[in-house]
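Good morning, and thank you for the time. Please look at the sequence and the structure first.

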Amino acid sequence: MLMIVLILVGGLVITYLGSLLFVKKDQNGKPVPVEPEKIPDINCCGAHEVCEKDTLLSASDEVVYYDDEELDQFKFVSPQDYTSEQTEQFREILFSMRDEDVAGWLRSLQLRNVELPYAVREEALMIVADVRDIIRGARVV
């Protein structure tokens with residue numbers, strides 16, 4: 001019984017000392033609440049500000065077409081199964097649109113169950129990242 005009491009008291013002492021060492025405090029010595037770290041989604045494109053602004057992560061299920069209705073024929077086609085001609089078809093559409101529309105286009109394709117060929121997907125995500133950098137002011141055009 002004494003051993004259990006000593007373990008509990010020891011645990012409380014360790015917890016108290018840890019709170020003194022590791023809890024952030026304001027100027028008056030009061031604990032400051034700490035925001036929990038957000039773990040990034042493994043499937044995220046990494047363009048949160050652009051995605052949210054341009055509906056890539058929008059809760060809306062409304063499909064918006066970007067003069068690309070012909071891409072619906074590729075519904076449920078796996079990215080590695082595209083021919084070079086089909087890949088070029090995606091690339092032509094990508095490079096015909098304004099950079100700030102790319103995130104919305106990606107969301108539209110996602111809603112339509114159309115996966116991009118790997119190479120075009122990487123190019124599209126680079127454009128989205130560039131737009132995000134410009135919005136954040138990290139790059140000057």
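**Overall picture**

Of the 141 residues in the protein, 25% are buried, where buried means under 20% relative accessible area, exposed over 50%, and partly exposed in between, with a 1.4 Å probe and protein chains only. This is a predicted model, in which local features need pLDDT of at least 70 and side-chain atom pairs count only at pLDDT 80 or more, while totals for chains, interfaces and linings use all residues. Residues are numbered from 1 along each chain as its sequence is written, and side-chain values use heavy atoms, with hydrogens and water left out.

The protein has five helices and zero strands; helices (H or I, at least four residues) and strands (E, at least two) are DSSP runs, numbered from the N terminus. The order of elements from the N terminus is accordingly α-α-α-α-α. Taking contacts between residues at least 6 apart in sequence, 69% join residues at least 24 apart, a contact being heavy atoms within 4.5 Å.

**Helix α3**

Let me turn to α3. This helix has 13 residues and reaches 18 Å from its first C-alpha to its last, close to the 18 Å expected at 1.5 Å a residue; the expected span is 1.5 Å times one less than the number of residues. Which residues of α3 are buried? They are T87, F90, R91, I93 and L94. These residues cover an arc of only 160° around the axis, which puts them on the same side of α3; the arc is that of the directions from the helix axis to the C-beta atoms. As a reminder, an α-helix has 3.6 residues a turn, so residues three or four places apart point the same way. On the face turned away from the buried side, α3 carries the exposed residues E85, E92, F95 and S96.

I93 deserves a separate word. It lies in α3, residues 84–96, and counts as buried because its relative accessibility is 7%. Beyond its neighbours within four places in sequence, I93 is in contact with D68, E70, L71 and W105. From L71, I93 is 22 residues away in sequence and 9.5 Å away in space, C-alpha to C-alpha.

**Packing of the helices**

What do the buried residues of α3 pack against? Their partners are α4 (102–111) and α5 (118–136). In general, two packed helices are described by the angle between their axes and the distance between the axes.

The axes of α3 and α5 come within 9 Å and cross at roughly 15°. Here axes are lines fitted to C-alpha atoms, for helices over the stretch in contact, and angles run from 0 to 180 degrees between N-to-C directions. α3 and α5 are therefore roughly parallel to each other; angles under 35 degrees count as roughly parallel, over 145 as roughly antiparallel, 65 to 115 as roughly perpendicular and the rest as oblique. On the α3 side the contact is made by T87, F90, R91, L94 and F95, and on the α5 side by A119, V120, E123, A124 and I127.

α5 itself has 19 residues and reaches 27 Å from its first C-alpha to its last, close to the 27 Å expected at 1.5 Å a residue. Its buried residues are V120, A124, L125, I127, V128, V131 and R132. They cover an arc of only 155° around the axis, which puts them on the same side of α5.

With α4, α5 packs at an angle of about 135°, the axes being 9 Å apart. That makes α4 oblique to α5. In this pair, V102, A103 and L106 in α4 meet A124, L125, I127 and V128 in α5.

**Loops and backbone**

I close with the loops. Most residues other than glycine have a negative phi, and most peptide bonds are trans. D67, in the loop between α2 (48–53) and α3, has a positive phi near 50° although it is not a glycine. Because its relative accessibility is 68%, D67 counts as exposed. N113, in the loop between α4 and α5, is likewise not a glycine and has a positive phi of about 60°; N113 is partly exposed, with a relative accessible area of 34%. After α5 comes G137, whose phi is positive, near 85°.

Finally, P79 is found in the loop between α2 and α3. Is P79 buried or exposed? At 10% relative accessibility, P79 counts as buried. Leaving aside neighbours within four places in sequence, P79 is in contact with E115, L116, P117 and Y118.
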